[in-house]
Amino acid sequence: MLHNQIFEMLYHTQGGFGWHELYNMPVWLRRFYYTKLAKQLQNEHDQAQKASKGGTSPSAIPRGPFGPK
């Protein structure tokens, strides 16, 4: 379980943590960051699923100053 957590955190934080840093981190702190990361990834997944099902209409998408009007 420890090495699985370390791998997932290294992979998904894209260099936000180092291997030694995660391995030597107190368990409670590593678990905190792992839980936060898992929730963030789940939220991103849910939003992507909602968008792919047509959950937003094109008129609801905010447009920038250079986008179509």
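Modeller: Ring pairs join Phe17, Phe32 and Tyr33 into a cluster. Do keep in mind that this is a predicted model. Searching the whole structure turns up four aromatic pairs. One of them is Phe7 with Tyr11, a stacked pair whose ring centres lie 5.9 Å apart and whose planes make an angle of 20°. These two residues both sit in helix α1, which covers residues 2-13, and they are four residues apart, about one turn of the helix. Phe7 counts as exposed because its relative accessible area, 52%, is over the 50% cut-off. Tyr11 is exposed too, at 57%.

Trp19 and Tyr23 give us another pair to look at: their planes meet at 10° and their ring centres are 4.9 Å apart, so this pair is stacked. Here the setting is helix α2 (residues 19-24), where Trp19 and Tyr23 are four residues apart and thus about one helical turn from each other. With relative accessible areas of 36% for Trp19 and 39% for Tyr23, each of these residues is partly exposed, because both values fall between 20% and 50%.

Let's now stay with α1, the helix of Phe7 and Tyr11. Its twelve residues reach 16 Å from the first C-alpha to the last, close to the 16 Å expected at 1.5 Å a residue. Which residues of α1 are buried? They are Gln5, Ile6 and Met9. Viewed down the axis of α1, these buried residues fall within an arc of 100°, so they line one face of the helix. What they pack against is α2 together with α3 (27-52). Turned away from that buried side is a face with the exposed residues His3, Phe7 and Tyr11, and that is where our stacked pair of Phe7 and Tyr11 belongs.

Gln5 deserves a moment of its own, as a polar residue on the buried side of α1. Its relative accessibility is 8%, and it counts as buried because that is under 20%. The Gln5 side chain makes a polar contact of 3.3 Å with the side chain of Arg30. Leaving aside residues up to four places away in sequence, Gln5 touches Arg30 and Tyr34.

Just after α1 comes Gln14, with a positive phi of about 50°. Most residues other than glycine have a negative phi, which makes this one worth a glance. Gln14 lies in the loop between α1 and α2, and it is exposed, with a relative accessible area of 72%.

To set all this in the whole protein: there are three helices and zero strands, running α-α-α from the N terminus. Of the 69 residues, 12% are buried. The accessible surface comes to about 5,900 Å², and carbon and sulfur atoms hold 58% of it.

Conventions
Residues numbered from 1 in each chain as written. Predicted model: local features only at pLDDT ≥ 70, side-chain atom pairs only at ≥ 80, totals over all residues. Heavy atoms only, no water. Phe/Tyr/Trp six-rings, centres within 6.5 Å; stacked < 30°, edge-to-face > 60°. Buried < 20%, exposed > 50% of the residue type's maximum accessible area, 1.4 Å probe, protein only. Areas by Shrake-Rupley, 256 points an atom, 1.4 Å probe, with all protein chains shown as cover. Expected span 1.5 Å × (residues − 1). Arc of directions from axis to C-beta. Contact = heavy atoms within 4.5 Å. Polar contact = N/O pair within 3.5 Å; in protein donor to acceptor, adjacent residues only side chain to side chain.
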